[in-house]
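Please keep the sequence and the model at hand while reading.

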Amino acid sequence: MVRKYDIVIIGSGPAGLGAAYHLAETGRFSTALFEKSKISSGGLRNDCKQNYTFPVGFPEELWNSDEASRLLEQTARHLKPDYQTNQNIEMYVKRAEKINVRLIEIIQSHVGTDRAVGLINGLIDNLVSLGTDIFLETEVIDIDFKNNKLILNDNSSVEFKFAVLAPGRAGFSWLQDMMKKSGVSFIDNIVDIGVRIEAKAGNYPVVKDYYDPKFMFPHKVRTFCTNSGAAYVVQEKYDQYYSVNGHSFSRDRKANDLVNFAMLKTIRLTDPVVSGHQFAEILGQMAMKLSGGKPMMQRVGDFRLGKRSKVETFNDDLYYFEPTLKSATPGDLSLAIPAKILRHIWDSLKNLDAIVPGILHPSTIIYYPEIKTYANKPEFMNNFFEVKENIYMIGDGAGTSRGITAAWSSGIRAAEGILSK
Ligand SMILES: Cc1cc2nc3c(=O)[nH]c(=O)nc-3n(C[C@H](O)[C@H](O)[C@H](O)COP(=O)(O)OP(=O)(O)OC[C@H]3O[C@@H](n4cnc5c(N)ncnc54)[C@H](O)[C@@H]3O)c2cc1C
């Protein structure tokens, strides 16, 4: 027998959950949520820093401050943030202003990778009790848009009236396939390329006062996703390359006295190279070729001297901490990173060192590549992220968000679209 639902949601990340909760609370529909992994696999599961200040995480071409603030309030009701307090940051703000850099103060809460599982399980259990059917380890392979049917990995199908597609950044290619198949036009011309910095916490003391400081530099360079306490650099697998990323455990875990954060440069491509995704793949592959299929790392001390880092560099006296991403290959960043990107990131790091002296200590490690390809923007029919009659595309994969809270807010907006019908 073919299963039928009023609404199907693909992906149990914050975007899918935001839509599911908003719909479930009305008690009016039969809803099913499909998740290919055992547990939501995006940022909710990893580190889970929640930002509650516009525009952090919100692409500004799709959002305004009033709309984001309205939905952030609703998001907070479900995620129950325990806000961090920022203090003593005036000194950093003043130093930044002098050199044309901005330090944006944001409202944030940090769950930590270890406690995120509990948060997700609680959200899923609650959703089930509100009447949503949840299918974990169930991948939606394809969609028959003519007959409104999902095709699952066990070859069964599910009929629906409304579908909300929220497969996240890792579901980028699948979403592109679905857009091509259903005749939805899209653009994919923006990408963030950058590095991840890992340093002794004492060399970046600002994190004592402000957990995830958001510095905005000239040339569209910014700090992003700062982790400290028990902080680790990790690698994520994409089709053709690994990108680095970072996370940290909650305050319950023993600190390792390290800090890591990304320095990203936003690149908007124009004709004839218009795919950010393709550009990222070329750069990612080049980095992999140069470093034996792994991300690359270099000490600031070596970088300044213009020489590659070697395995020995990581045992030397001066270089007094071990990299947390041990599988990264010591190398020479300037061989791998295009000149303009490297110049702007290095200039920004020098500015940062003027604001927080110490971050460019010779021991600091620069990992490459850190790539964010969230711009896969479909042409939306309306404000509710509807792309085709009764089909909605939301979250990082559809370019409506770049973070947990904006993804959740996108889900509410799609649900409001369904309710408006
Ligand atoms: C390592 C890491 C750390 C991060 N840390 C933070 C952070 O601290 N703070 C922050 O704001 N943002 C963070 N982010 C970004 C954040 O994850 C995203 O902005 C957010 O999760 C996007 O939500 P989403 O619902 O669009 O996608 P996701 O959270 O990626 O969820 C999509 C879900 O869909 C599932 N899926 C995909 N395709 C299918 C399919 N065909 N069938 C069924 N299921 C499918 C995936 O398994 C996944 O669980 C981080 C991202 C990563 C990768």
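## The ligand shell

How many residues surround the ligand, and which are the closest? The shell holds 43 residues, and the closest are Gly13, Gly42, Gly43, Gly168 and Gly395. A residue is near a molecule or strand here if its C-beta atom, placed from the backbone, lies within 6 Å of it. The elements that give two or more residues to this shell are α1 (14–24), β3 (49–51), β13 (221–237), β14 (242–249) and α11 (404–419). The most is given by α1, with 3 residues. Helices (H or I, at least four residues) and strands (E, at least two) are DSSP runs, numbered from the N terminus.

By class, the shell around the ligand has 14 nonpolar, 20 polar and 9 charged residues. Ala, Val, Leu, Ile, Met, Phe, Trp, Tyr, Cys and Pro count as nonpolar; Asp, Glu, Lys and Arg count as charged; the others, Gly among them, count as polar. Domain 1 and domain 2 both give residues to the shell around the ligand, so the ligand lies between them.

## Basis of the model

The model is predicted: local features need pLDDT of at least 70, side-chain atom pairs count only at pLDDT 80 or more, and totals for chains, interfaces and linings use all residues. Residue numbers start from 1 along each chain as its sequence is written.

## Overall form and domains

The chain contains 11 helices and 21 strands. Its C-alpha trace spans about 70 × 45 × 35 Å along the principal axes. A compact globule of 421 residues would have a radius of gyration near 22 Å, and the chain agrees, with 22 Å. This radius is taken over C-alpha atoms, and the globule rule is 2.2 Å times the number of residues to the power 0.38. Of the contacts in the chain with a separation of 6 or more, 76% join residues 24 or more positions apart. Two residues are in contact if their C-beta atoms, placed from the backbone, lie within 7 Å.

Domain 1 comprises 3–88 + 112–187 + 376–419, and domain 2 comprises 192–372; the bounds come from an automatic or database domain assignment. The centres of the two domains, taken over C-alpha atoms, are 29 Å apart. Their contact takes 13 residues from domain 1 and 13 residues from domain 2. On the side of domain 1 that touches domain 2, helix α4 (residues 113–129) gives the most, with 3 residues. That side has 2 nonpolar, 7 polar and 4 charged residues.

## The nonpolar cores

Buried residues make up 49% of the 421 residues in the chain. A residue is buried if 20 or more other C-beta atoms lie within 10 Å of its own, exposed if 12 or fewer, and partly exposed in between, with C-beta atoms placed from the backbone. In soluble globular proteins, nonpolar side chains tend to be buried together. A nonpolar core is a set of buried Ala, Val, Leu, Ile, Met, Phe, Trp, Tyr and Cys residues joined through C-beta atoms within 7 Å.

The largest nonpolar core has 60 residues, of which Val8, Ala19, Val164 and Ile394 touch the most other members. Helix α11 gives the most to this core, with 8 residues. Not counting residues up to four places away in sequence, Val164 touches Ile7, Ile9, Gly16, Ala19, Tyr392, Ile394 and Ala414. A second, separate core of 59 residues includes Val195, Tyr210, Phe279 and Ala328.

## Ile10 in strand β1

Ile10 belongs to strand β1 (residues 3–10). Ile10 counts as buried because 28 C-beta neighbours lie inside 10 Å. Leaving aside neighbours within four places in sequence, Ile10 is in contact with Gly16, Phe34, Val140, Leu165, Ala166 and Pro167.

## Backbone features

Two cis peptide bonds may be inspected: Asp271 to Pro272, with omega near 10°, and Tyr368 to Pro369, with omega near 0°. Pro272 is in the loop between β15 (258–268) and α7 (276–290), whereas Pro369 lies in strand β18 (residues 365–372).

Lys80 is not a glycine, yet has a positive phi of about 45°. Lys80 is found in the loop between α2 (65–79) and α3 (90–98) and is exposed, with 11 other C-beta atoms within 10 Å. Asn155 also has a positive phi, near 70°. The loop between β8 (149–152) and β9 (157–165) holds Asn155, which is exposed, with 7 other C-beta atoms within 10 Å.
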